[in-house]
Amino acid sequence: IDRANQHIYYSYTHTFVKCDFSGNVLGTLTGFKGHLGDICFNEEDGRVYASLNAPAKKALYIAIIDVQNLDEIGLSAVKSGLVRTVHLQEIWKDRHTTLTNENGEVYKQRYGVGGSDGICFGPSFMTGEGNYLTVGCGTRVEPEREDNDYQVILQYDVKAWWNVYAQPLNYKEYHHSGPYGCEGKYFVYTGHTTSGIQTMTYFNELNLWLVNVYPTKKKQFNPYTLYAIDGDVKPYKALLKGQPEEDEQYVLTLYTEGDYDKKNG
């Protein structure tokens, strides 16, 4: 939602829609391939950011949409010039990393990471300040694994993205232009969820990060579909559970109000 200009934006996997507060359609972008997922509005630059996994995961993008100039219905996402993309190298690296445990079992795609979906803007998990694009990773649906019980969340400073990294959307030639690494990489123990974070938003009134997921297929975890990450508790270093190799990362803390799973934490 763009409150100042009274616009609402929607993503429909292959189509992007701009409406006013009365529900009138003001413009649409069509022709997205792969998966156009969660979207968020950046009040600092007036653009919409979208999770966009290219077909067959040939690239893992954040699409940046020039919504101020979206004023026609049926425009092409490729030909209109309104969409630029930035490749997420950090997620790409995890997706293409294979690990082997002490029993010789092979784990493809570190942490089960396969792409991205849920995104939003909010402060740094570490300092509680600033405005960072916060990206939740999508994960493989493999309940037999032990290393995919965490949600993986990345934070980026995107101020320079439009001019430095962003390239026009082009399905004939996939680019990998994007930042190496990120400003922060964090893990939150929710237990396995099906396909990872679907949508995410920052709820500043309570300093909570609300994360929607599809329920787990592992019977030892409760099939929750909503988690709240407590922004008042700073990230701390810890060894991740269930990893084929010892792995220490920054871990986030879930809010304990509500339906708290004491057995699994």
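The legends below describe close-up views of a predicted model.

Local features need pLDDT of at least 70 and side-chain atom pairs count only at pLDDT 80 or more, while totals for chains, interfaces and linings use all residues. Residues are numbered from 1 along each chain as its sequence is written, and side-chain values use heavy atoms, with hydrogens and water left out.

**View 1. The largest nonpolar core has 30 residues.** A nonpolar core is a set of buried Ala, Val, Leu, Ile, Met, Phe, Trp, Tyr and Cys residues joined through side-chain atoms within 4.5 Å. Buried means under 20% relative accessible area, exposed over 50%, and partly exposed in between (1.4 Å probe, protein chains only). The members that touch the most other members are Tyr-49, Ile-62, Ile-91, Leu-133, Val-135, Tyr-156 and Trp-161. Two or more residues each come from strand S6 (60-65), helix H1 (89-95), strand S11 (113-122), strand S12 (132-139), strand S13 (150-156), helix H2 (161-164) and strand S15 (184-189). These elements are DSSP runs numbered from the N terminus: helices are H or I with at least four residues, strands are E with at least two. S13 gives the most to this core, four residues. A second, separate core has 23 residues, including Leu-29, Ile-39, Ala-50 and Ala-63. In soluble globular proteins, nonpolar side chains tend to be buried together.

**View 2. The surroundings of Leu-133.** Contact means heavy atoms within 4.5 Å. With neighbours within four places in sequence left aside, Leu-133 is in contact with Cys-40, Tyr-49, Ile-62, Ile-119, Cys-120, Phe-121, Leu-154, Gln-155, Tyr-156, Val-158 and Trp-161. Of these, Tyr-49, Ile-62, Tyr-156 and Trp-161 are also listed with Leu-133 among the core residues that touch the most other members.

**View 3. An open sheet of six strands.** The strand order is S11-S12-S13-S15-S20-S19, with mixed pairing; two strands pair if DSSP finds at least two bridges between them. S11 and strand S19 (236-239) are the edge strands, each with a single partner strand, so one side of each has no neighbour in the sheet. On average, neighbouring strands of this sheet are turned by 40° against each other, direction ignored. Axes are lines fitted to C-alpha atoms, for helices over the stretch in contact, and angles run from 0 to 180 degrees between N-to-C directions. S11 and S12 run antiparallel and are joined by seven bridges, and Cys-120 has Thr-134 in S12 as its bridge partner. S11 is mostly covered, with 10 of its 10 residues buried.

**View 4. Strand S13 and its two partners, S12 and S15.** S12 and S13 run antiparallel, joined by four bridges; here Thr-134 stands opposite Gln-155. S13 and S15 also pair in the antiparallel sense, over six bridges. Leu-154 has Lys-185 in S15 as its bridge partner, and Val-152 stands opposite Phe-187 in S15. Seven of the seven residues of S13 are buried. Tyr-150, Val-152, Leu-154 and Tyr-156 point one way from the strand, while Gln-151, Ile-153 and Gln-155 point the other way. In a regular strand the side chains alternate between the two faces of the sheet.

View 5. A search of the whole structure finds zero disulfides, a disulfide being a pair of cysteine sulfur atoms within 2.5 Å. The cysteine sulfur closest to that of Cys-137 belongs to Cys-182 and lies 9.1 Å away, too far for a bond. Cys-137 counts as buried, at 1% relative accessibility, whereas Cys-182 counts as partly exposed, at 24%.

**View 6. Thr-139 in strand S12.** Thr-139 is buried, with a relative accessible area of 10%. A polar atom of the Thr-139 side chain lies 3.0 Å from the backbone nitrogen of Gly-196. Not counting residues up to four places away in sequence, Thr-139 touches Tyr-111, Gly-112, Val-113, Gly-114, Thr-193, Ser-195 and Gly-196.

**View 7. An open sheet of three strands.** The order is S16-S17-S18, with antiparallel pairing. Strand S16 (194-203) and strand S18 (226-230) stand at the edges with a single partner strand each, so one side of each is left without a neighbour in the sheet. Neighbouring strands of this sheet are turned by 25° against each other on average, direction ignored. S16 and strand S17 (residues 208-214) pair over seven bridges, and Thr-194 stands opposite Tyr-214 in S17.

Technical notes:
Polar contact = N/O pair within 3.5 Å; in protein donor to acceptor, adjacent residues only side chain to side chain.
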